[in-house]
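I'd like to walk you through one structure, starting with its rings and ending at a ligand. Please have the view open as we go.

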Amino acid sequence: MKLLWKAHMRVQVIRLVYALLLVILLSSDVAESRKSKTVTTSFVYSAINCRAHSASLTDFGGIGDGKTSNTKAFQSAISHLSQYASKGGAQLYVPAGKWLTGSFSLTSHFTLYLNKDAVLLASQNISEWPVIEPLPSYGRGRDAAAGRYTSLIFGTNLTDVIVTGDNGTIDGQGAFWWQKFHKKKLKYTRPYLIELMFSDSIQISNLTLLNSPSWNVHPVYSSNIIIKGITIIAPVTSPNTDGINPDSCTNTRIEDCYIVSGDDCVAVKSGWDEYGIKFGWPTKQLVIRRLTCISPYSATIALGSEMSGGIQDVRAEDITAIHTESGIRIKTAVGRGGYVKDIYVQRMTMHTMKWAFWMTGNYGSHADKNYDPNALPEIKGINYRDMVADEVTMAGNLEGISNDQFTGICIANVTISMAAKSKKQPWTCSDVEGITSGVTPKPCNLLPDQGPEKITTTCEFPTETLPIDMLELKKCTSSIKLP
Ligand SMILES: *[C@@H]1O[C@H](CO)[C@@H](O)[C@H](O)[C@H]1NC(C)=O
Ligand SMILES: *[C@@H]1O[C@H](CO)[C@@H](O)[C@H](O)[C@H]1NC(C)=O
Ligand SMILES: *[C@@H]1O[C@H](CO)[C@@H](O)[C@H](O)[C@H]1NC(C)=O
Ligand SMILES: *[C@@H]1O[C@H](CO)[C@@H](O)[C@H](O)[C@H]1NC(C)=O
Ligand SMILES: *[C@@H]1O[C@H](CO)[C@@H](O)[C@H](O)[C@H]1NC(C)=O
C-alpha cells in the first residue's frame, strides 16, 4: 500500500513537472513572438531638420525580396506621411533588404532614410516610370525631344526634404537604359536617380549611388542644398552618368563625395541656348569641397555646357582627380549666351590627366536650330591656385571664342609634371586674356607671368563665407519598430 502510494505520488510529481515545463515553454514562446513584434532599431544622423513622426516601408506592405515592386508601398507611405508636414515632419525608414521600385515622389518636411543594408533597386518595367515634360530651361529632353522619364526619387515644389541613410544604396540598374540609349531606342529622355525641382532646403547625404541610367543627382531650380558623403559609382564608359549636377540652383554645398563615373563628376549647369536664356535662372553661390573624382573620359568639375542662365560665384577646394580627362573644364558655345564668372578653385591635386585645364568655346551641341548666333557667352574671372598635377599630357588647352574673348583668367602656384608621352607644347591658348604667377611649365604668352613675388596675392580665393556654409546640421536620434 505504502509502495503504491509512493508510486502514485511520483506520477503526480512528474505530471506537475511536465505541466510546469509546458507553461514555461508556452510563456517563453509568447514572449519570443511579442519580442519579435517589437524589435526597436534606433538610428542617429545629422540633418537640416529632425522629424517628429517615423514609419517603416514595411508598415505599408513593402517587401524587400528584390522581386516584388514597392512603387505602391513607397507612394502610399509618403502620401500617408505627408499629413505630418505641418506637425513636425515625418521620416520613412527603409530597412535592410532589396527594394525593387519604380519612380516615386517625395513630400515636404520629409526624410527618406536608408539602412546600411537597404538597396533600392530601380525597376526595369517601363510602365513604372511616368513621363513628364522636358525642363523649361532646356526646351527638350537631352536623349529625345519629347518628355522625360521621371527620376527614381523625384520631388517638385517642396521645402525641407532629406534623402539620407547609413550609407544605404540606390542601384539604378542602368545597363537596361544604356543599351536602349546606344541602340537609339529611347522614346523619352532617361531618368535620373534623384531629382528635386523648384525646391528649397534639400539634403542628400550618406548614400551610395550605383549605375544610374543617366545623371545621378540633379537639383534644379532649387536653393539651399547640401549634398554630403555621397559615393557614386558607374562604369567609366557608361553614357552620361554625371555625378552631381547643380542646375539653376542658388546656395549649394557639395562636400565629401567620391565619384567614379562615365561623365563629369560634378557638372554645373543653368539651361540650354534660347530656352536657358529665356528662363534666366543662374547657378550661383556654389561650394564644392573634398571631392574625389575618377572619370577617364570627362571632367572633374565641368561648368556647362548648358550654362545659358549663367554660372556665378563657384568655389571649389581640396579636390582630387585621378585618371580623369580634365581638371576644371569650361564648356560653352556661340548661341549659349549667359555667363561663367567669379570661379575660384584652390588646392587641387591631379594624377594622370589628359588636360589639367580646359576651356572650350566651340562645344556646339545645340537644343535645336533656333539658337541665336549673336548670343555670346561671357566668360570672365576664372581663378585657379595652389595645385599640383602629375602624369599630365597637356597642361592647358584654353580656347575662347573669336570676337568673344574669355577674360580675367588667373592661374597661380600650379606645378604640373608632364607625362613621358606628353605634347611638345604644354599649353595652347587662343582668344583668352589673363595672368599667371608661379606656374610650371611656363604658360602661353596670352597669360603673362607676373613674377614669383606675386605668387600669394594672385588669384586669391575669397575669404568671406557663403550663406550655405552658415547652415549647421542638427543631430537627429530616432527609433523605429520593425516586424
Ligand atoms: C554621415 O555618416 C557619418 C558617419 O556615420 C555621420 O557621422 C554623419 O552624421 C552623417 N552625415 C550626414 C550628413 O548624414
Ligand atoms: C509593370 O508595371 C505595371 C504598372 O505598375 C504593372 O501593371 C505590370 O504588371 C508590370 N509588369 C510586370 C512584367 O511586372
Ligand atoms: C512649381 O513652382 C513653379 C515655380 O514657382 C511653378 O511654375 C509651377 O507651376 C509649380 N508646380 C507645381 C506642380 O505646383
Ligand atoms: C559607403 O559604401 C561604399 C560602397 O560600398 C564604400 O565604398 C564607401 O567607402 C562607404 N562609405 C562610408 C562612409 O562608409
Ligand atoms: C602653393 O601650393 C601648395 C599646394 O599645392 C601649398 O602647399 C603652398 O603653400 C602654396 N604656396 C604659396 C606660396 O601659396
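Let me begin with the criterion for an aromatic pair: two rings of Phe, Tyr or Trp, with the six-membered ring used for Trp, pair if their centres lie within 6.5 Å. Planes under 30 degrees apart count as stacked, and planes over 60 as edge-to-face. Please keep in mind that this is a predicted model.

With that criterion, a search of the whole structure turns up 21 aromatic pairs. Take Tyr221 and Trp281: the ring centres are 5.5 Å apart and the planes stand at 85°, so this pair is edge-to-face. Where do the two residues sit? Tyr221 is in the loop between β16 (217–220) and β17 (223–233), while Trp281 is in the loop between α4 (273–279) and β20 (283–294), so the pair ties together parts 60 residues apart in sequence. Their surroundings are worth a look too. Tyr221 has a relative accessible area of 3%, so it is buried, whereas Trp281, with 35%, is partly exposed.

Now for a stacked example. Phe357 and Tyr384 have 4.8 Å from centre to centre and 15° between the planes. Phe357 belongs to strand β23 (residues 339–360) and Tyr384 to strand β24 (residues 378–399), so the pair links distant parts of the chain, 27 residues apart. Buried or exposed, these two? Both Phe357 and Tyr384 are buried.

Rings also gather in a group here: Trp129, Tyr149, Phe176, Trp177 and Tyr188 are linked by ring pairs into a cluster.

Charges meet rings as well. The charged end of Arg329 sits over the ring of Trp358, at 3.4 Å from the ring centre. Lys341 lies over the face of Tyr339, with 4.5 Å to the ring centre.

Let's move to the strands. In β18 (residues 250–260), 8 of the 11 residues are buried, so the strand is mostly covered. Which strands does β18 pair with? It pairs with β17 in the parallel sense over 8 bridges, and with β20, again in the parallel sense, over 9 bridges. If you want to click on individual bridges, Lys228 has Glu255 in β18 as its partner, and Thr250 has Lys284 in β20.

Asn216 is in the loop between β15 (200–210) and β16, and at 1% relative accessibility it counts as buried. Beyond its neighbours within four places in sequence, Asn216 is in contact with several residues, among them Leu193, Ile232 and Asp242.

Ser437 is in strand β27 (residues 432–440), and its relative accessible area is 0%, so it is buried. What does the side chain of Ser437 meet? One of its polar atoms lies 2.9 Å from the backbone oxygen of Gly451. Again leaving aside neighbours within four places in sequence, the contacts of Ser437 include Ala412, Asn413, Asp449 and Ile455.

Asn413 and Ile455 bring us to ligand 5, as both are among the residues that surround it. The others there include Arg385, Asp386 and Met387. An oxygen atom of ligand 5 is 3.2 Å from an N or O atom in the side chain of Arg385. For Asn413, a polar side-chain atom lies 2.3 Å from an oxygen atom of ligand 5.

That's my tour, and I'm happy to take questions.

Terms used
Residues numbered from 1 in each chain as written. Chains lettered and ligands numbered in written order. Predicted model: local features only at pLDDT ≥ 70, side-chain atom pairs only at ≥ 80, totals over all residues. Heavy atoms only, no water. Helix = DSSP H or I, 4+ residues; strand = E, 2+ residues; numbered from the N terminus. Buried < 20%, exposed > 50% of the residue type's maximum accessible area, 1.4 Å probe, protein only. Lys NZ or Arg CZ within 6 Å of the ring centre and 35° of its normal. Contact = heavy atoms within 4.5 Å. Polar contact = N/O pair within 3.5 Å; in protein donor to acceptor, adjacent residues only side chain to side chain. Pairing = 2+ DSSP bridges. Near = heavy atom within 4 Å.
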